[in-house]
Amino acid sequence: MNIPERHSTRLTTSLPIMIAGRDSDGREFKENTRTIIINKHGAKIESTHELAMGAELTVENRALGQAARGTVVWLGGRRSPKAPFTVGIRLNEAQNIWGVDFPPDDWEKAAKAVST
């Protein structure tokens, strides 16, 4: 079995974010939530809304005033019936909207290659 290589190093960190989009029933929502794991290409987050694969979201780091568009690429379960869903999102454009001051080297390499 061929396991795809990660695009960038994952960091386990809980950051407050706001997500907005449509849930699996097509209803618009906005939700204040948190990240579980982040990298330059996306995040694993929690959501009280049931989302669908391929759903488009806006992810906002309100502390920095930065926002990005992303897509749901993974759906996890719930630890209990009242617990939030875990969701994997891929940012449409790889970037450090998380405000990581000292990002791993592989977060920087891609940015330098693009700007050269």
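View 1. In strand S3, the residue that forms a bridge with Ile19 is Glu31. The model shown is predicted, so that local features need pLDDT of at least 70 and side-chain atom pairs count only at pLDDT 80 or more, while totals for chains, interfaces and linings use all residues. Residues are numbered from 1 along each chain as its sequence is written, and side-chain values use heavy atoms, with hydrogens and water left out. Helices (H or I, at least four residues) and strands (E, at least two) are DSSP runs, numbered from the N terminus. Strand S2 and strand S3 (residues 28-39) run antiparallel and are joined by 7 bridges, where two strands are taken to pair if DSSP finds at least two bridges between them. The hairpin of S2 and S3 has 5 residues between the strands, and within the hairpin Gly26 takes a positive phi near 85°.

**View 2. Strand S2 alongside strand S5.** Strand S2 also pairs with S5, in the antiparallel sense and over 4 bridges, and here Ile19 stands opposite Val59. Strand S2 (residues 16-22) is largely enclosed by the rest of the structure, because 5 of its 7 residues are buried; buried means under 20% relative accessible area, exposed over 50%, and partly exposed in between (1.4 Å probe, protein chains only).

View 3. Leu91 lies in strand S7, which spans residues 85-91, and counts as buried because its relative accessibility is 4%. Not counting residues up to four places away in sequence, Leu91 touches Lys40, His41, Gly42, Ala68, Arg69, Gly70, Ile97 and Trp98, a contact being heavy atoms within 4.5 Å.

View 4. The secondary structure comes to 1 helix and 7 strands, and the mean pLDDT of the chain (the predictor's confidence in each residue, from 0 to 100) is 87, with 84% of the residues at 70 or more. Among the elements of the chain, strand S5 (residues 56-61) has the highest mean pLDDT, 98, whereas helix H1 (residues 105-115) has the lowest, 58. Over residues 110-116 the pLDDT is below 50, and this stretch has 2 contacts in the model beyond near neighbours in sequence. Where pLDDT is low, the predicted coordinates should not be read in detail.
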